[in-house]
Amino acid sequence: MHQEEFIAVALGETKADLVIKNAKVVNVLTEEIYESEVAIVKGRVAGVGKGYTGEKEIDLKGSYLTPGFIDGHVHIESSMMLPHRFAQAVVPAGTTTVIIDPHEIANVLGLHGISFMHAATRGLPLRVYTMLPSCVPATPFETSGFELNAYDLSLLMDSDWVLGLAEMMNFPGVIHRDKNVMAKIDLALQHQKRVDGHAPQVTGKDLCAYIASGITSDHECTDPKQAIEKLRQGMYIMVREGTAAKDLNALMPILLHNNNRKILFVTDDRHPEDLSVHINGMVQRAVDNRVNPIKAIQMASLNTAEYFKIQDLGAIAPGYRADFNVFENLQEFTKPLMVFKGGEVVAENGKLLEDLENIEIPATRGSVNVGWLEDDCFQIKSQGKKVRAIEIIPHQLITKETIVNVKEENGFAVSNIDDDVLKICVVERHRASGNIGKGFVKGFGIKEGAIASTVAHDSHNMIIIGTNDKDMLLAQKELVKSQGGKVVVRNGEVLAKLPLPVAGLMSDKDINYVTEQSEAINKAAKEIGCVVDDPFMTMGFLSLPVIPELKITDKGVFSTKGFNFVDIFDVENEKK
């Protein structure tokens, strides 16, 4: 920073690069609003006051100037779009900074995946900071593309674009002081960086122990009671509003009545159709529910910056980066009149001004590595007509373990379509190991064909649900051809497909294409009888063995009751 130049501009001795005039400045530092001018030089605020002149001047004519909004925890991969496509969607909504956790791509590509995401964010009209993934893989009960230990993370932890260690999902590892877990936490703390939490239902002494390790935030609160306990113990609460997990309404009471200086807004996972209204939508909802607009803006900006120790973001004051939003009033936030990043107008009236179509994207290797599969690869040798199956619960990630009847054909157990019992398989797709987990699932309602995806948390192997092996095999082959994606097939025909060739997680196309194809695959799934609102999202979490009650990985069917793999035919001691 050229201090002398800044001082000269601040004193009014020389012209600023830009002066924003006739602004109602929303000061989140003092929680007040006043008319002023803002002088900017080299992308930072030099002065806030009257009487500045600039090489360029913008007259806001009494509109409100707020800090740019910050998303405190997001997996860009969940948008199924590359970072520049993500930026095209969220920047016009007023999001000027995001803190990403590249957990999904790291499970596929390891350190290369993290470096890819960083490289792919250079030059964007969006600031992107990274929290290094803490749990790659999430569990030892599945095959991921890579394993990242503390040494691996140490290669990146001192980077200025890295803010710390992302959501520590391995709560038992913290409580039992697992050496690998503690080494990762210690690494972040030694660099004086943050450690984010992930602690659903953790309470009492267990919560105290979790926090005592150095973990300082949580985004898994689903009701005020949980949030208040964590606030009392000194945690920051990240209020999440994603596509699947929506906690804002439930947590609205704490925004109104508790210490909202320790509350910030995050989206975690959002699909493309939910990106055009982003953090600004959370501010809008808060204000609609009688939260003071200044405090709502504070939660979307200063709180987040201060939590992550970003000293020059989140407010409008000398030395801060000139990332702003302009609103006509403080009741309507869904479309900023202008969005500034580094003192440059990057969006106006819901439109991004910069053309990002020719941005250079780093190369990634193919990530769908599956050995040749034969026609009998999905067969399950019958050991009886009753099996232990996964039963989905609508709109929830948890499942039930249930005992169901399957049909037998030529000595093999097959789908029982009449009772909505379908075959489900997970094919290891990182190392061509040949691993295939096989089981049955209830609740999808599919009557014919198959659906498949390479978005399958957290290791992102290939997951397939179908009524017959031929269509399941066709779905698998289609995803190999496109190096990942989502597909619906029926009677040997591909009905709809969304290719995701970047790590099997992201498209290289724009938001309109991804949205249209997402709608097409969901519509095709309904055509083959599926009764689940978002079948691919629901299916994508059936392979995550840390969430109760019964799940499936490439290594088999896994029960969280005993935290072990189970024989689906061993049902003698279960309720019939």
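**Entry 1: a three-stranded sheet.** I began with an open sheet of three strands, whose order is β18-β22-β21 and whose pairing is antiparallel; strands here are DSSP runs of E with at least two residues, helices are runs of H or I with at least four residues, and both are numbered from the N terminus. I noted that β18 (380-381) and β21 (407-409) stand at the edges with a single partner strand each, so one side of each is left without a neighbour in the sheet. I then looked up how β21 meets β22 (residues 412-414), and found antiparallel pairing over three bridges, where two strands are said to pair if DSSP finds at least two bridges between them. Within this pairing, the bridge partner of Glu408 is Ala413 in β22.

**Entry 2: what kind of model this is.** I remind myself that this is a predicted model, in which local features need pLDDT of at least 70 and side-chain atom pairs count only at pLDDT 80 or more, while totals for chains, interfaces and linings use all residues. Residues are numbered from 1 along each chain as its sequence is written, and side-chain values use heavy atoms, with hydrogens and water left out.

**Entry 3: the whole protein.** I recorded 16 helices and 31 strands for the protein. Its radius of gyration is 25 Å, close to the 25 Å that the globule rule gives for 576 residues, so the protein is as compact as a globular protein of that length; the radius is taken over C-alpha atoms, and the rule is 2.2 Å times the number of residues to the power 0.38. Along the principal axes, the C-alpha atoms fill a box of roughly 90 × 50 × 45 Å. I also noted that 61% of the 576 residues count as buried, which is to say under 20% relative accessible area, with exposed meaning over 50% and partly exposed in between (1.4 Å probe, protein chains only). Taking contact as heavy atoms within 4.5 Å, I found that 69% of the contacts between residues at least 6 apart in sequence join residues at least 24 apart.

**Entry 4: strand β1 and its partners.** Which strands pair with β1 in the parallel sense, and which one runs antiparallel to it? I found that β4 (residues 54-59) pairs with β1 in the parallel sense over five bridges, and that Lys21 has Asp59 of β4 as its bridge partner. Strand β5 (residues 64-67) also runs parallel to β1, joined by two bridges, with Val25 opposite Leu65. β2, by contrast, runs antiparallel to β1 and is joined to it by eight bridges, and there Val19 stands opposite Ala39. The hairpin of β1 and β2 has four residues between the strands, and in it Glu31 takes a positive phi near 55°. Nine of the 12 residues of β1 (residues 16-27) are buried, so this strand is largely enclosed by the rest of the structure.

**Entry 5: backbone exceptions.** Most residues other than glycine have a negative phi, and most peptide bonds are trans. Lys42, in the loop between β2 (32-41) and β3 (44-49), has a positive phi near 50°, and is partly exposed at a relative accessible area of 47%. His460, in the loop between β25 (450-453) and β26 (462-466), has a positive phi near 55°, and counts as buried at 1% relative accessibility. The peptide bond from Val136 to Pro137 is cis, with omega near 0°, and Pro137 lies in the loop between β8 (127-132) and α5 (150-157). The bond from Pro548 to Glu549 is cis as well, with omega near 10°, and Glu549 lies in the loop between α16 (535-540) and β29.

**Entry 6: the β29 hairpin.** I followed the chain into β29 (residues 550-553), where Leu550 and Ile552 point one way, Lys551 and Thr553 point the other way, and all are buried. β29 and β30 (residues 556-559) pair in the antiparallel sense over four bridges, and they form a hairpin with two residues between them. Lys551 has Phe558 of β30 as its bridge partner.
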